[in-house]
Amino acid sequence: MTRSSRPSRPPRSAPETRLDDVAKRIIELLQEDGRQSYAAIAKSVGLSEAAVRQRVQRLLDAEVMQIVAVTDPLQVGFRRQAMIGIRAEGDLIAVGEALTAMPEVSYVVTTAGSFDILAEVVCEDDDHLLELLTERIRGLAGVATTETFVYLKLNKQHYNWGTR
């Protein structure tokens with residue numbers, strides 16, 4: 001096989017963004033309360049409000065963080081959550097991308113172990129989960145088998161692990 005006819009490798013993950021102590025503290029403050037004002041953060045980290053606004057925007061643009069509203073799915077009309085373990089054949093990247101395009105899929109990770117991919121889904125009810133699983137996920141090219149873990153209770157969901 002010549003060099004030019006080799007299959008291309010998938011792109012590597014984005015390079016790690018180097019974070020200084022101020023950026024880390026801004027992230028930690030926003031993990032505690034994503035609604036904090038730039039003025040309050042500026043006071044905590046010793047910068048101007050404008051400097052904090054710029055730093056937050058750079059962190060968002062670099063996809064180091066997101067600022068979102070995290071809801072309780074049960075309270076907003078989604079009665080069924082599940083984790084789906086997927087064993088796939090062939091191109092894992094294509095399967096992962098197809099899953100990420102589905103609006104019900106909230107989390108996708110390619111893994112090592114007994115599953116190739118784990119996908120967390122949020123559905124309106126069991127009928128919705130059944131349709132998603134049988135018609136759309138199992139129908140994807142490359143999906144060999146699935147195993148579904150239905151959530152009975154959400155014990156903990158936090159995003160305040162800080163920075164290192």
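Start at Asp33: with a relative accessible area of 29%, Asp33 is partly exposed. Here buried means under 20% relative accessible area, exposed means over 50%, and partly exposed lies in between (1.4 Å probe, protein chains only). The model is predicted: local features need pLDDT of at least 70, side-chain atom pairs count only at pLDDT 80 or more, and totals for chains, interfaces and linings use all residues. Residues are numbered from 1 along each chain as its sequence is written, and side-chain values use heavy atoms, leaving out hydrogens and water.

**Salt bridges**

The term covers a side-chain nitrogen of Lys or Arg within 4 Å of a carboxyl oxygen of Asp or Glu. Arg35 is exposed, at 76% relative accessible area. Side chains of opposite charge can pair when their charged atoms come close. The whole structure holds eight salt bridges.

Go next to Asp20 and Arg55. Their closest N and O atoms are 3.0 Å apart, and the two form a salt bridge. Asp20 sits in the segment before helix H1 (21–32) and Arg55 in helix H3 (residues 49–61), so this pair ties together parts 35 residues apart in sequence. Helices (H or I, at least four residues) and strands (E, at least two) are DSSP runs, numbered from the N terminus. Asp20 is partly exposed, at 35% relative accessibility.

Then pick Arg136 and Glu131. A salt bridge joins their side chains at 3.6 Å, N to O. Arg136 is partly exposed at 26% relative accessibility; Glu131 is partly exposed at 25%. For a network, select Arg25, Glu28 and Glu32, which are joined by salt bridges that share partners.

**Strand E1**

Colour residues 80–88, strand E1. Eight of its nine residues are buried, so the rest of the structure largely encloses E1. Show E3 (residues 117–123) beside it: E1 and E3 pair in the antiparallel sense over seven bridges. Strands pair if DSSP finds at least two bridges between them. Within this pairing, Met83 stands opposite Glu120.

Now show E4 (residues 143–150). E4 runs antiparallel to E1, and seven bridges join them. Look for Ile84, which faces Thr148 of E4.

**Asp116**

Step to the loop between strand E2 (105–110) and E3, where Asp116 lies. Which residues does Asp116 touch, leaving aside its neighbours within four places in sequence? Its contacts (heavy atoms within 4.5 Å) are Ile86, Arg87, Ala88, Leu92, Val109, Thr110 and Thr111. Draw a distance to Val143 as well: the two C-alpha atoms are 9.7 Å apart, while the residues are 27 apart along the chain.

**The largest pocket**

Finish with a surface view. Rolling a probe the size of a water molecule over the atoms shows where empty space is left. On a 1 Å grid over the protein atoms alone, a pocket is an open set of points where a 1.4 Å probe fits, with protein on both sides within 12 Å along at least five of seven lines; lining residues have an atom within 4 Å of a point.

The largest pocket has a volume of about 1,400 Å³. That volume is the space filled by probe spheres set on the grid points, which are joined across faces, edges and corners. Select Gln66, Val68, Val70, Tyr159 and Trp161: of the 36 lining residues, these lie nearest the centre. H1, E1, E2 and E3 are the elements that give two or more residues to the lining. H1 gives the most, with three. Colour the lining by type: 20 nonpolar, eleven polar and five charged residues. Ala, Val, Leu, Ile, Met, Phe, Trp, Tyr, Cys and Pro count as nonpolar, Asp, Glu, Lys and Arg as charged, and the others, Gly among them, as polar.
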